[in-house]
Amino acid sequence: MSDENQELRKAGLKVTLPRVKILQMLEASEQKHLSAEEVYKQLMEAGEDVGLATVYRVLTQFEAAGLVERHNFDGGHSVFELERGDHHDHMVCTETGEVVEFHNDEIESLQEEIAQQHGYEIIGHSLVLYVRPLKDKKS
């Protein structure tokens, strides 16, 4: 049995060809954050006959099953990334749309400290920095 079939069954999803194809596409993609439209386009380029509505439905099912995480970055549509169990934050370039993943222990500690100062504990969070390339300061 393929890894994709096992992942789907473990997530409580029936193994169907569209689900397997979409999961394979997400795992094989060099780009870690894909919109439903980008998944659809890559499937079409690979000669797979999976409709856009099916892609949306499957990605929503994957999200509910914990296989993918959905991000709604400002100024854009939803993008999906495989849930790998490792926490990371994101930087989104406002000029190119590029999404950069990062993890910083100091930021994580500071967030915990701030929550505790206010009498809370963090049960989850999402940090997104909106960035643009540095401009040369040469005159």
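Modeller: Happy to. E4, N5, E7 and L8 in α1 meet R19, V20, L23, Q24 and E27 in α2, where contact means heavy atoms within 4.5 Å. Helices here are DSSP runs of H or I with at least four residues, strands are runs of E with at least two, and both are numbered from the N terminus.

Biologist: What kind of model is this, and how are the residues numbered?

Modeller: This is a predicted model, in which local features need pLDDT of at least 70 and side-chain atom pairs count only at pLDDT 80 or more, while totals for chains, interfaces and linings use all residues. Residues are numbered from 1 along each chain as its sequence is written, and side-chain values use heavy atoms, with hydrogens and water left out.

Biologist: Good. Back to α1 and α2: at what angle do they pack?

Modeller: Helix α1 (residues 3–10) packs against α2 at about 110°, and their axes are 10 Å apart. Axes are lines fitted to C-alpha atoms, for helices over the stretch in contact, and angles run from 0 to 180 degrees between N-to-C directions. That makes α1 roughly perpendicular to α2; the classes are roughly parallel under 35 degrees, roughly antiparallel over 145, roughly perpendicular from 65 to 115, and oblique for the rest.

Biologist: And how do the residues of that contact divide by class?

Modeller: The contact of α1 with α2 has three nonpolar, two polar and four charged residues. Nonpolar covers Ala, Val, Leu, Ile, Met, Phe, Trp, Tyr, Cys and Pro, charged covers Asp, Glu, Lys and Arg, and the others, Gly among them, are polar.

Biologist: What about α2 and α4, at what angle do they pack?

Modeller: About 75°, with the axes of α2 and α4 10 Å apart. That makes α2 roughly perpendicular to α4. On the α2 side the contact is made by P18, R19, I22, L23 and L26, and on the α4 side by T54, V55, V58, L59, Q61 and F62. By class, this contact of α2 with α4 has eight nonpolar, two polar and one charged residues.

Biologist: Now α3 and α4: how do their axes cross?

Modeller: The axes of α3 (residues 36–45) and α4 (residues 52–65) come within 9 Å and cross at roughly 125°. α3 and α4 are therefore oblique to each other. From α3, the residues A36, E37, V39, Y40 and L43 make the contact, and from α4 it is L52, V55, Y56 and L59. They divide into eight nonpolar, no polar and one charged.

Biologist: Switching topic. How many salt bridges do you get?

Modeller: The count comes to six, taking a salt bridge as a side-chain nitrogen of Lys or Arg within 4 Å of a carboxyl oxygen of Asp or Glu. One of them joins the side chains of K21 and E48 at 3.5 Å, N to O. K21 lies in helix α2 (residues 17–28) and E48 in the loop between α3 and α4, so this pair ties together parts that are 27 residues apart in sequence.

Biologist: Which residue does E101 pair with?

Modeller: E101 meets K32 in a salt bridge at 3.7 Å, N to O. E101 lies in strand β4 (residues 99–102) and K32 in the loop between α2 and α3, so the pair ties together parts that are 69 residues apart in sequence. E101 is partly exposed at 25%, and K32 is partly exposed at 44%.

Biologist: How far apart in helix α3 are K41 and E45?

Modeller: K41 and E45 are four residues apart, about one helical turn. Their side chains form a salt bridge at 3.9 Å, N to O. K41 is exposed at 52% relative accessibility, and E45 is exposed at 59%.

Biologist: Last one: where is S35, and what does it touch?

Modeller: S35 sits in the loop between α2 and α3, and at 1% relative accessibility S35 counts as buried. Not counting residues up to four places away in sequence, S35 touches H77, S78 and V79.

Note on methods: Buried means under 20% relative accessible area, exposed over 50%, partly exposed in between (1.4 Å probe, protein chains only).
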